[in-house]
Amino acid sequence: MNLQDYIRDIQDFPKPGIGFKDITPLLISPEATAFCIETLVNSLQNQKIDKVIGVESRGFFFGILLAQKLNAGFIPVRKPKKLPFTTISASYELEYGTDTLEMHVDAIQPGDKILIHDDVLATGGTAKAVCELVEQLGGEIVQMNFLMELSFLNGRAKLGDKEIFAALRY
């Protein structure tokens, strides 16, 4: 199965000059979704995962499915003031300014084996901030996996020697 057949390009969204990769055709297809999950799980080569992080909001779609498949806990990482309990936070650079992500302080125990999942690796700012949250709580990042990597934006450069897998690369 070719997953690229299930990614729709939308030009000038959410603003002029941006080429948006729409994953809703993938989500609509149970076969493509199942194939994508298997591809992401197989990239782990039977490594032990205690918790899967899904990054708001499109990382939630496959993050929870990965957690179930791996018999692991699921941790949502969200924008500020969206989580009800005490949180830790990490900020990252945007094209014009900064943004912040938060996670509950009790989400990770020291030594937990963590899989970080998001839909797209682009410039790497979001992924780097999530790594900082995991490291603050003493988690061990086993892998960062993504549905897509926009390799021309060189996001890997911000992530050091982390193991990174993307089901699709553009």
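Isoleucine 37 is found in helix H2, where helices (H or I, at least four residues) and strands (E, at least two) are DSSP runs, numbered from the N terminus. This is a predicted model, in which local features need pLDDT of at least 70 and side-chain atom pairs count only at pLDDT 80 or more, while totals for chains, interfaces and linings use all residues. Residues are numbered from 1 along each chain as its sequence is written, and side-chain values use heavy atoms, with hydrogens and water left out.

- Isoleucine 37 is buried, with a relative accessible area of 6%, where buried means under 20% relative accessible area, exposed over 50% and partly exposed in between (1.4 Å probe, protein chains only).
- Leaving aside residues up to four places away in sequence, isoleucine 37 touches Phe62, Leu65, Leu66 and Lys69, a contact being heavy atoms within 4.5 Å.
- Isoleucine 37 and glycine 138 are 101 residues apart along the chain, and their C-alpha atoms are separated by 27 Å.
- Isoleucine 53 lies in strand S3 and counts as buried at 0% relative accessibility.
- With residues up to four places away in sequence again not counted, the residues that isoleucine 53 touches include Phe74, Ile75, Val77, Met103 and Ile108, and also among them are Val130 and Val134.

**Cysteines**

- A disulfide is a covalent bond between the sulfur atoms of two cysteines.
- With a disulfide taken as a pair of cysteine sulfur atoms within 2.5 Å, the count comes to 0 disulfides.
- Cysteine 36 is in no disulfide, and the nearest cysteine sulfur, that of cysteine 131, is 20 Å away.
- Seen from cysteine 131, the closest cysteine sulfur is in cysteine 36, and because the two sulfurs are 20 Å apart they are too far for a bond.
- Cysteine 36 is buried, with a relative accessible area of 1%, and cysteine 131 also counts as buried, at 5% relative accessibility.

**Helix H4**

- Helix H4 (residues 125-136) has 12 residues and reaches 17 Å from its first C-alpha to its last, close to the 16 Å expected at 1.5 Å a residue; the expected span is 1.5 Å times one less than the number of residues.
- The buried residues of H4 are Gly125, Ala127, Ala129, Val130, Cys131, Leu133 and Val134.
- What covers these buried residues of H4 includes strands S3 (51-55), S4 (73-77), S5 (87-94), S6 (97-104), S7 (113-121) and S8 (140-149).
- H4 is followed by glycine 138, whose phi is positive, near 85°.

**Largest pocket**

- About 1,100 Å³ of space lies in the largest pocket.
- Of the 34 residues that line the largest pocket, Leu94, Val120, Ala122, Thr123 and Thr126 are the closest to its centre.
- Strand S2 (19-22), S5, S7 and H4 are the elements that give two or more residues to this lining, and the largest share, 4 residues, comes from S7.
- On a 1 Å grid over the protein atoms alone, a cavity is a set of points where a 1.4 Å probe fits but cannot get out, and a pocket is an open set with protein on both sides within 12 Å along at least five of seven lines; lining residues have an atom within 4 Å of a point.
- Grid points are joined across faces, edges and corners, and a volume is the space filled by probe spheres set on the points.

**Backbone details in the loops**

- The peptide bond from phenylalanine 13 to proline 14 is cis, with omega near 5°, and proline 14 is found in the loop between strand S1 (8-11) and S2.
- A cis peptide bond also runs from glutamate 56 to serine 57, with omega near -15°, and serine 57 lies in the loop between S3 and helix H3 (58-70).
- Glutamine 45, in the loop between helix H2 (30-42) and S3, has a phi near 50°, a positive value in a residue other than glycine, and counts as exposed at 65% relative accessibility.
- Lysine 81, in the loop between S4 and S5, has a positive phi near 65° and counts as exposed at 79% relative accessibility.
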